[in-house]
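Q: Could you show me how to read a sheet and a pair of aromatic rings, starting with the structure itself?

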Amino acid sequence: MTTEEIRILAATAILGYGFPDASFEAGLARRPHVIAADAGSTDPGPYYLGAGESFTDRTAVRRDLERMLTGARRLGVPVVVGSAGGAGAAPHLEWLRGVADEIAAEQGLRLRTAVIPADVPRPEVLDALRAGRISAVPHGPELTEADVRATTHLVAQLGVEPLVEALRGGADLVLAGRTYDPAVFAALPLLHGFDEGLALHLGKILECAAIAAVPGSGSDCMLGTLRRDHFVVEPLSPQRRCTPTSVAAHTLYEKSDPYHLPGPGGHLDLTDCAFTPEGERGVRVTGSRHVPAPYTLKLEGARLRGHRTVSLAGARDPVFIRELDTIVAGVRERVADNFPDLSPDDYELLVRVYGRDGCMGSLEPRPVVAGHEVGLVIEAVARTQALADTLCAFARSTMLHFGYPGRLSTAGNLAFPYSPSDFHAGAVYEWSVYHLMRVDDPSAAFPIHWTELPEGAS
C-alpha cells in the first residue's frame, strides 16, 4: 500500500445478493487493499430485527463470503462486513460468525477475526432517554420508556471508529453488527489518514456496489480508488460503466437533501462536489467535505405487534370495482358486528387494492382504477395467529359473497389464485425505536471481541 492511493473492492450490494466470478476476479487483479460488503438494511422492514432472523439466504451468503475470504487470503488483505446477518443484532452476528467459521474450517483458512456487536442494553438507552440525550428522527415520534421495554432487539448503528480499531489490530476479518453503510469502506482509508469527506463519500457510493453504474446492479462488483484529493469509481464488468449522472444520482440515494448527507459524527457537505468522467468507464469525484458535529448513534429496535394472516384475490367485474370502497366498508362493518367482544385494539383489518393504490395507499395522487382488473390483499393482524386466521377467513368469505348495487350474479365476487386461499404470515413486528442517541465516545458502545477462526483449531 502506498500513502497516496487505496483501492477498495465492493463485492456486492448486500452479502448474499451474489456477484459474477469474472467481475470479482477482475477486481482481485486490481490488487485491492480491502474487500468489503454491507450485509444488511432496514429496507425489508422491522420483522428481521425483531425476530432475530436474516432476510438473506444462508446458502447465498456463504457463497459470497467464501469467495471474498478466499480471494482476500490470496492477496493478504482484510475483509470487512457490516450489518451482519441483515439487521445486525446479536443473533444475526452470531449467525454470520458461524458461517465464517464453517468456511474457515473447510477451506483451511486461519483468520484473526474481530467481532463487533452493536446491541445496546436497554438500561443504557433508558438512562440516555431520561438524561435528554435521545431525540426523534425528522417527522418521527418521541421515544418512550414503554417503547424501549417492549423492544426485542435493540441496536445502535456503529460508525467507522470501531472498524478502524479492528483493522489497526491486524484483523483478517471484521464482522460487525449494525453499521453505518459507508463505514466498512471508509475504515481502512481513515486508518491511513485519508480525507474523511472523500472516504465517506466513496463509501456512500460503494455501499450498493454496481447499482451506481449503467446498467445498475446490486449483484455485481465495483472498485473504488481513493487518492488524497479525489476518488474514482468504476464497475468491474465490461458491460457496465459509471457516468457522472449515475454516480451523482446514487449519491442522492435515500437522501432528502442533495447537498448534506448526515452520518454518525457529522455530515457530508457536497456543495462543491464535482463528477467528471475518468477513462472509458470510471467517474472521478472531487470536493466532498466532512463537517463534524456532536456524535449521535442511530438506534433501531422492533417490538412484536401480533400475528398476520393474508388472503390473495383478484376481481375484474367493473361494477364490483366501481363499488369497491363501499364493499370494503361493508365487510369491515360485518367483521365488527360478528365479533362484538373484540375492540379496535384487538385486531387490524387491511385491504390493499393493487391496480389502484396498493403501493402508496392514502398518498397515491390518482387513486383510480385505470385497468379492467384489480388485485386484492386481505390481511388480518391480531394478538394471536388463531384470531388472525378467524378474522381473515371471515373477511374473505364476506367479501366473496357480498351483495352490492348493480350485481348481476350471485356467484363469488373474487378469483383466488391459491387453494388454500389463506396464508399464515406469522409474527408481525413494528419499529419501536428509530431514534438518535448522543454519545461522547463513539467506540464505547462497541467493544471488539477477538477470536481465531476456525474456532477450536490447533
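A: Strands of a sheet pair through backbone hydrogen bonds, either parallel or antiparallel. Here three strands form an open sheet in the order 10-11-14, with antiparallel pairing; strands are DSSP runs (E, at least two residues), as helices are (H or I, at least four), numbered from the N terminus, and two strands pair if DSSP finds at least two bridges between them. This is a predicted model, in which local features need pLDDT of at least 70 and side-chain atom pairs pLDDT 80 or more, whereas totals for chains, interfaces and linings use all residues. Residues are numbered from 1 along each chain as its sequence is written, and side-chain values use heavy atoms, without hydrogens and water.

Q: Why is one side of strand 10 and of strand 14 left without a neighbour in the sheet?

A: Strand 10 (260–263) and strand 14 (289–292) stand at the edges and each has a single partner strand, so one side of each lacks a neighbour in the sheet. Strand 10 pairs with strand 11 (residues 266–269) over four bridges in the antiparallel sense, and leucine 261 stands opposite leucine 268 in strand 11.

Q: How are the rings of tyrosine 48 and phenylalanine 55 placed?

A: A pair of aromatic rings is described by the distance of the centres and the angle of the planes. For tyrosine 48 and phenylalanine 55 the centres are 5.7 Å apart and the planes at 70°, so the pair is edge-to-face (centres within 6.5 Å; planes under 30 degrees apart are stacked, over 60 edge-to-face, the rest tilted). Tryptophan 431 and tyrosine 434 form a tilted pair, at 5.4 Å and 55°.

Definitions and conventions: Phe/Tyr/Trp six-rings, centres within 6.5 Å; stacked < 30°, edge-to-face > 60°.
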